[in-house]
Amino acid sequence: MNVPRSHIRNFCIIAHIDHGKSTLADRILEKTQTVALRDMEDQLLDSMDLERERGITIKAHAVTLSYQAQDGETYLFNLIDTPGHVDFNYEVSRSLAACEGAILIVDASQGIEAQTLANTYLAVDHGLEIVPVINKIDLPSARPDEVRQEIEDIIGIDASEAPAISAKQGTNIEAVLEAIVRQIPPPKGEDDAPLRALIFDSYYDSYKGVIVYFRVMSGEVKPGDTIRMMATGAQFDVVETGIMRPGRLEPNKGLRAGEVGYIAASIKTVGDARVGDTITLASRPAEEPLPGYRKVNPMVFCGIFPADGAHYQDLREALERLQLNDASLTYEPETSVALGFGFRCGFLGLLHMEIVQERLEREYNLDLITTAPSVIYRITLTDGKVLMIDNPTNYPDPGTIASAEEPIADAHILAPNDYVGNIMELCQERRGVFKDMKYLDTTRVDIHYEMPLNEIVYDFFDALKSRTKGYASFDYELKGYVPSELVKLDILLNGDVVDALSFIVFAGNAYARARRMCEKLKDNIPRQLFEVPIQAAIGGKIIARETVKAMRKDVLAKCYGGDITRKKKLLEKQKEGKKRMRQLGSVEVPQEAFMAVLKLDDD
Amino acid sequence: MPIGLYIHVPFCISKCPYCDFYSLPASGSPQADEERYDAYTVSVLRALDGWAARLSGEKADTLYFGGGTPSLLGGKRLARIIESAQRRFGLEGAEITMEANPADGLEETFRAFADAGGNRVSLGMQSASSGELRSLGRRHAPPDVEAAVQAARSAGIRNISLDLMLALEGQTPASVQASAGEAARLGARHVSAYLLKIEEGTPYFARRGSLALPDEDAQADLYLTACEALEEQGYRQYEISNFSLPGFASRHNLKYWNLEPYLGIGPSAHSYLGGRRFAYPRDLSGFLRGEEPEAERDAADLTANSIPEGGEEEYILLRLRLAEGVSEAAFQRRFGRSLPAIYRQRAAVLPSSLVTVDENGIRFTREGFLLSNPLTARLLG
C-alpha cells in the first residue's frame, strides 16, 4: 500500500431515496474492478435486507477501491456511504467530516429533493467539494438541462460540467470517476503529528470484537499501538489494522494521515467506540480532540412488548444484540398493567424506530406490540423541579404542574406547487407555524414550517405522502422547546384504564384525538361476549365514548351425520384467535388494535 | 352399549345452492341413475357384512338414512338395507329414520320403508313461505310438505320430524313464527331449526356479496323467535337446533351429542367406534370399489368402549350442545368421577345471561347457544 497521499480520494455520495446512489456505487465498483463481475451482488453497499428493500442506507459503509485513471496513475478511492435519512443526521455529519468531496446525484426527471438539499448543505458546511452528477438520463421523462439549471440556482454550484449518466445502463460512469480524480482534492495531514483519527462508524463482530471505521486526520496507527478514545477515555491495544475491501477486511501494517480504514482492538461494545470520537495514541496523545463530537440522544420513545409474555427474555437478548451495533438505541425495562413486561426504547427518530421494530421482528422472529411514540416533554413542577417525561405513565398529577414545554422542529417540505394547499392544510392541522415558502423552480416549492415534534412523530409523514400522492419530500431538525398546554389522555376499556394506550397530547387536540382514538378502537376490537364501553378521559373526566356491541351469534348450527371435525376445527380456530389477543382486564384486544390507533390519519 | 348406524345416501335430484354435504345430482339418464342406486345399495350391503364381521356381536338400536336424498333410493332398496342391518345388528326396538324431500310419489317409498320396520321420517320442509323456498332454490312448494306428511302418516309413520331453516334472505320474525305454526299444524313431533351457514365452495358462497342475508343481530333475533314460537307450540328445545314433543327427541342424534358409538356407512359418513373417529372419503366411486375409511383399515379393537385421550374434552364439547349441558350426574356416570372444578371455575366468569352453572352442572342459555363456539372454547381453556 504505497499510494501517496496525493493519489487518495475520500468521498461520499449524496442522493435522495431512489435517485440511484446504490446503483452508481455498484457501477463504480465494477469499473474499478474491485469486485469480480461474478461476485457482484446487486447494490453491494446496502447489505442489510431492510436497506435493500427500502432502498435506503441505514448504516454507514465504507470501501476502498483502486482506479487506474486516464493520466496513467493509480488512485485509491475511499467511498464512504452515508445514511440517507434525517434520523441519522449526526452519523451523516461524521461521515462527511471524513471526506474531502461528495458526489451529488440528482435524478434527471425528479430534480432536487428535501433530503438531498439538507445533506448537500451539510456537506457544503463541512467544506466538501461537491461533484454534481445527473443520473437516469435514460428515462423518457429526463430533463437534464433543467435539472442542471436547478442545481446551479438552488445549491449555487457550477453544474455545467456535471456528467449526465445512467447508472442503471452504465452510461458515462468513466466521466464520474475522472471527475472524482480531478475535482476532489487529496487529503492533507502530517504523518509525524500526534494521532487524531475520526470514528465514523463501528460494528460488532463476534470474533474480533468491535470493528471501528475511521479516517486518520494526522499521525499514524499500527498494530501493537495502545490507543485511547478521547471522549470516553477508554484504552485498547490494537490487534489489527486494515482497509475495507468490498465484502471483506484486508489487514495491513498501519494507517497514516489521509487514509481510511479499520482497527480491531478487542473492544467489547460499540459504546466504547462512539461515532464522532477521536482516536489518539496513549503514548503520545493529541492535545485536542477533533471538533464536533457529541453523544447522540434519542428523541422518540415508545414501549415495546412481546406479544407473548413468555418471549420477554428473547426480546431483551435481541435488544442487547442490536445495541451492540447501534449505540443510539436505548432501552430500559418497563412494566405495563395491560402489556406486561417490556422495554421503553429510545430512538433517533421515527424511521429509526421502525427499523428497530422491523429488525426485532424479522431477524429475531419476535411478535411485538408497540405503544404510541412519544417525544420528551419538559415539565416544571410547582416546587420548581424540572422533569423530562417520555412516558405517559410518568406524567405527573396535573395539580402539581406549573408549566409544560414541548420540543419543536424546523420542517422543510419540498413538493410540486400543485400540492401547496394540501400541505399547508396538513401543517396547519398539525399546529405548524408557517415560516416561508420558496420556489425552487417554476413548479416546485420549499415550504418551511415550525412544527411541534409530537405532531411529526404522530404519523405525519404518512399523512403527507397520502395528501401529495407521494410527491412531497420532508426533512426536519429539532429546534428547541416551547411552552405548551399538554394533557394526558387515558383510554378506558370496560371501565378500566389501559395504561399502554395513554398518551400525552396538546390540550387543543385532545377532544378530536380522543374521538378518533375511540372510533379506531371500536373498529378494531371485535365484538365480545358482553358490551364493551370504550372511553377517553382526561383526569377523571370522560371526553369521548364508543361502544362495542356484544357478540350475538357464533354457532355451528349443525353437526351433520356425527361429523364433529368442523366443530373441533372451529374450536382450534377460537383458541388460535385467542392467542393473538391481549387480555386487558375482561376485554380481549387484538394486536392490530394497538397498531391501528397509532395511525389516526388513515381516512 | 348398542351403537347407532348411519347410512349416507349421496344422491339428489339437484344440488341446493347452499348445501355442502356430499351428494351427487341426477345424471339425466333415469336408467343410469337406477343402476347407480343399485350399485350403491350393493356396496352398503357389503359394508354392513364387513362391519358386522369386524364388530362381532355388536348390536345397534338406531338406524338413520341421511343424505343427500335417501327417498331417491325407493322403498325396495331401503327395505333391503334395513333387513340386512336387522340381521347383522339386531335393531331390536330401534328408531329407524329416513330423510326425505317433500315431493310426489313418496307413498310407496314410505310404505315399503314402514313395512321393513322404518318408524321415523324427517322431511326437509325448510319454510312455510313459498318466497323463502324459492330463494333457497328448493324444488318444492308449501303444499308438497303437507302431502309428504300425509304420505308418511298413511304408511303408518307417526314420528315425523320437520326441518326448518333460519336466517334466510328476507326472512322476518313473522315468517319464522308462521313456519313454526305450520310445522305444529302438520303434526310434527320433532322440529330441527338450523341457522343457514354460507359454506365455502357452494354457489351461495360465490354470490354471498349479492345475497341480502340478515346481519348477525337479525340472525340472532330470528333464532330466538324460532325457539320461542316452537316452545309456544309445545316443543321443548333439547339441543341447539332441535326441538321435540316430550319423548320424541331423536335417539340417533343424541348418540352424537352423548359421545356414544356409531357406525357411518357411505361416502363422507363418519364413525365413532372404540374411542376412534374415522370417515369414508367423500367419493362415491371409491365407495363402490369397496374402499374403507382410510384411518381405520388396520385399526385395533373398535368394540372396546374405552374413552380415549381427549375424550373428556370431546364429551364436554358435544354435551354443551344439549339443553341439559354437562350434567354432574351424567358426567359421573360416564367417567366415574365428578366434573372437574376447573370447568365450573371457567364457567363462573362467563356472563350468567349466557351460561348457567349450578349444582346440576354447566349449560348454555338460549343466548348462550347462539355463542356456543366462543363459549365452548373458553370452557375448554
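**The interface and folds of a two-chain predicted model**

Between chain B and chain A, 18 residue pairs are in polar contact, both residues of each pair being at pLDDT 80 or more. A polar contact here is a pair of N or O atoms within 3.5 Å; within protein, one must be able to donate a hydrogen and the other to accept it, and residues adjacent in sequence count only if both atoms are side-chain atoms. The model is predicted: local features need pLDDT of at least 70 and side-chain atom pairs count only at pLDDT 80 or more, whereas totals for chains, interfaces and linings use all residues. Residues are numbered from 1 along each chain as its sequence is written, chains are lettered from A and ligands numbered from 1 in the order in which they are written, and side-chain values use heavy atoms, with hydrogens and water left out.

Several elements of chain B supply at least two residues each to the side that touches chain A: strand 1 (3-9), strand 4 (60-67), strand 8 (190-195), helix 8 (216-232), helix 11 (311-319), helix 14 (366-370) and helix 15 (372-379). Helices (H or I, at least four residues) and strands (E, at least two) are DSSP runs, numbered from the N terminus. Of the elements of chain B, helix 15 gives the most to this side, with seven residues. By residue class, the side of chain B that touches chain A divides into 21 nonpolar, 10 polar and 12 charged residues. In this division Ala, Val, Leu, Ile, Met, Phe, Trp, Tyr, Cys and Pro count as nonpolar, Asp, Glu, Lys and Arg as charged, and the others, Gly among them, as polar.

The contact draws 43 residues from chain B and 27 residues from chain A, contact meaning heavy atoms within 4.5 Å. The size of an interface is often given as the accessible area lost when the parts come together. For chain B and chain A the buried area is about 3400 Å², with 56% of it on carbon and sulfur atoms; this is the accessible area (1.4 Å probe) that two parts lose on being put together, summed over both. Nine salt bridges are found across the interface, a salt bridge being a side-chain nitrogen of Lys or Arg within 4 Å of a carboxyl oxygen of Asp or Glu. One salt bridge links Asp217(B) with Lys549(A), whose closest N and O atoms are 3.1 Å apart.

Gln574(A) also has neighbours in both chains. This residue belongs to helix 13 (residues 565-579) of chain A. Leaving aside residues up to four places away in sequence, Gln574(A) touches Asp554(A) as well as Asn373(B), Pro374(B) and Ala377(B). Its relative accessibility is 18%, so Gln574(A) counts as buried; the term means under 20% relative accessible area, with exposed over 50% and partly exposed in between (1.4 Å probe, protein chains only).

Within chain A, strand 1 (residues 8-14) is mostly covered, seven of its seven residues being buried. Ile8(A), Asn10(A), Cys12(A) and Ile14(A) lie on one side of this strand, and Arg9(A), Phe11(A) and Ile13(A) on the other. Strand 1 runs parallel to strand 3 (residues 74-81) of chain A and is joined to it by six bridges, where two strands pair if DSSP finds at least two bridges between them. Asn10(A) has Asn78(A) as its bridge partner in strand 3. Four bridges join strand 1 to strand 4 (residues 101-107) of chain A, again in parallel, and here the partner of Cys12(A) is Ala102(A).

Chain B contains an open sheet of three strands in the order 14-16-15, with antiparallel pairing. Strand 14 (326-327) and strand 15 (355-358) stand at the edges, each with a single partner strand, so one side of each is left without a neighbour in the sheet. Two bridges join strand 14 to strand 16 (residues 361-364) of chain B, and Val326(B) stands opposite Ile362(B).

The peptide bond from Gly67(B) to Gly68(B) is cis, with omega near 20 degrees, and Gly68(B) is placed in the loop between strand 4 and helix 2 (74-89) of chain B. Leu259(B), although not a glycine, has a positive phi of about 55 degrees. Leu259(B) lies in the loop between helix 9 (251-257) and strand 11 (262-265) of chain B and is buried, at 0% relative accessibility. In the loop between helix 9 and strand 11 one also finds Asn258(B), buried with a relative accessible area of 15%. Asn365(A), another residue other than glycine, has a positive phi, near 55 degrees, but is exposed, with a relative accessible area of 70%.
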